[in-house]
Number of protein chains: 2
Amino acid sequence: MELTPISERFILHWGEMGARWGVNRTVAQIHALLYLAEQPLAADEIVETLSVARSNVSNSLKELLAWRLVKVTHVLGDRRDHFETSKSVWELFKLIVEGRKQREVAPTLSVLKECLESPELEEESNGARQRIQETLDFIQILTTWADEMLRQDPETLMKVLKLGAKVRNFVRGEPETDA
Amino acid sequence: MELTPISERFILHWGEMGARWGVNRTVAQIHALLYLAEQPLAADEIVETLSVARSNVSNSLKELLAWRLVKVTHVLGDRRDHFETSKSVWELFKLIVEGRKQREVAPTLSVLKECLESPELEEESNGARQRIQETLDFIQILTTWADEMLRQDPETLMKVLKLGAKVRNFVRGEPETDA
DNA sequence: CTGTAATTTCAGTAAAAACAGAAATTACGT
DNA sequence: ACGTAATTTCTGTTTTTACTGAAATTACAG
C-alpha cells in the first residue's frame, strides 16, 4: 500500500498532533490511516504503509481498540483480522472525549475529593482550600456539561455549536442578533 | 518552603495530568504550586519546594510565561523576580485553550487547507477527500464556537454550561424541562 | 493431530525528552 | 566602574518512552 502525497501529509501531521496531546505518534498515525482508508486494513498492510514493526502495529491497535476508536472486522476469504474506524469526525470526537474523561478526569476528581475530605486539609490556608474546591467545582460543571452535549446526535451538536452567539445573548438577557 | 500533605498531593497529581496532556511535568507542578501559593514566589523558593534544579525552574517559568499563565511581579526590598498565576480556574482555562488554539489547532487548520487546495488532491479517493474536508469543517466550527464562549466573562460562561440541557431542548424545539 | 499463518508477548535497543550542574550573561547596588 | 546577586544558556547525563526483532503463543486449515 503506497500512500498518496496528501494522505501522507495528513497522516504525518496527525501523528505530530497526537504527540502534542499525549498520544503516541504511531497510534495517531494508524488511526489517521484507517480514517482515510476506503476499506478495513489488515495489520500487515499497516506495517507496509507506515513502515513500522509488526509488533508496534499490534500494540497500537490494541490501544485504539481500548479507546473504542477502532473495531475489528473480517473480510471474506481472508483469515486475518482487519481494522476500521468510524468515518464520522463527530463520532470520533465523542469517543476521544469519553476516553479522556474516564482516564484522566475521573482520577482527578477522586484526588480532589480526597483532598477536600482529608483531615489534613486543616493545615492548608483558606485560600488554597478555596482554590482546590473551585477546581473541583469547575471540572464537575465542565464534565456534566460535556456529558449533556455528547449525548446528542451530531446534527443537534452541530446546531448547538453554531448557535453559540445566540446562546450568549440568551443567557445575558440581551436581544438576539446575528452579529 | 515545606509543602503541606494536601498541597503536595495536589501538585504531584497536577504534574501527572500535565504529562498525560502533553505538558512537561515540572511545568505543570510549578503552575500548581503558584496556584496554591498565597504570595508570589521567587524562583529559588520553587527550587527548594519542589526539589528541582534552578535551570529547570528557569526554563519551566519561561514556558509558563509564554503561555501567559504566569506573570512576573516584584516584592519590596527583594531584588529577585517573583512569579504568580491567576487564582481563577476559569481564567486559567481560557488561557490554556487560547494557547492550544494557537499552537496546535492553527497549524492543523493550515495543513488541512493546504491539503484541500493542493492539485495532488486529485489522487485521493472521493471518500478520503470528503473526510479531510469534514475534518476541517469540524475543527473550524469547534474553534469558532470556543472563541465565542471564551470571550465571555466567567459568570456568563458558568451559566451557559449549567444551561446545557436547556440549550439542547431549545435547539431541538422541545419544551424546556429541568430534568 | 500436524503444520502453518497470524498475532501477541517479551527483552533488548534506539530515540526522545527531561533534567542537573557548570559556565556565561545580565541586572543591579554601591 | 566594580563586584555581586540573579538569571539564563549550554552541555552532558539520566530517565523515560517508543520501537524493533525474536520468541512464544494462539488460531486455524487440512
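How many nonpolar, polar and charged residues does the surface near DNA strand D have? In this predicted model, that surface has four nonpolar, seven polar and seven charged residues. Of the 18 residues around DNA strand D, the ones that come nearest are Ala53(A), Ser55(A), Asn56(A), Ser55(B) and Asp81(B). Two or more residues are given to this surface by helix H2 (25-36) and helix H4 (54-66) of chain A, and also by helix H3 (43-50) and helix H4 (54-66) of chain B. The element that gives the most is H4(B), with four residues.

We can now turn to the other DNA strand. Around DNA strand C there are 18 residues, of which Ser55(A), Asp81(A), Ala53(B), Ser55(B) and Asn56(B) come nearest. Here the elements that give two or more residues are helix H3 (43-50) and H4 of chain A, together with H2 and H4 of chain B. The largest share, four residues, comes from H4(A), and by class the surface near DNA strand C divides into four nonpolar, seven polar and seven charged residues.

How the two protein chains are related is the next step. Chain B can be laid on chain A by a turn of 180 degrees and a shift of 0.0 Å along the axis, with an RMSD of 0.0 Å. The two copies are therefore related as by a two-fold rotation axis. The same surface serves both copies, since 100% of the contact residues of chain B recur in chain A.

Several residues of H1(B) are buried, including Ile6(B), Phe10(B), Ile11(B) and Trp14(B). What covers the buried residues of H1(B) includes helix H5 (89-117) and helix H6 (126-150) of chain A, as well as helix H2 (25-36) of chain B. After H1(B) comes Gly22(B), whose phi is positive, near 85 degrees.

Thr143(A) has its place in helix H6 of chain A. Is Thr143(A) buried or partly exposed? Thr143(A) is partly exposed, because 16 other C-beta atoms lie within 10 Å, whereas a buried residue would need 20 or more. Leaving out residues up to four places away in sequence, Thr143(A) touches Lys101(A) and Val105(A). Although Thr143(A) and Lys101(A) are 42 residues apart along the chain, their C-alpha atoms are separated by 7.7 Å.

Chain A also contains strands. Three of them form an open sheet in the order E1-E3-E2, with antiparallel pairing. Strand E1 (41-42) and strand E2 (70-74) of chain A are the edge strands, each of which pairs on one side only. E2(A) is joined by five bridges to strand E3 (residues 81-85) of chain A, the two running antiparallel, and Val70(A) stands opposite Thr85(A) in E3(A).

Conventions
Residues are numbered from 1 along each chain as its sequence is written. Chains are lettered from A and ligands numbered from 1 in the order in which they are written. This is a predicted model: local features need pLDDT of at least 70, side-chain atom pairs count only at pLDDT 80 or more; totals for chains, interfaces and linings use all residues. A residue is buried if 20 or more other C-beta atoms lie within 10 Å of its own, exposed if 12 or fewer, and partly exposed in between; C-beta atoms are placed from the backbone. Two residues are in contact if their C-beta atoms, placed from the backbone, lie within 7 Å. A residue is near a molecule or strand if its C-beta atom, placed from the backbone, lies within 6 Å of it. Ala, Val, Leu, Ile, Met, Phe, Trp, Tyr, Cys and Pro count as nonpolar, Asp, Glu, Lys and Arg as charged, and the others, Gly among them, as polar. Copies are superposed by least squares on the C-alpha atoms of residues with pLDDT of at least 70 in both. Two strands pair if DSSP finds at least two bridges between them.
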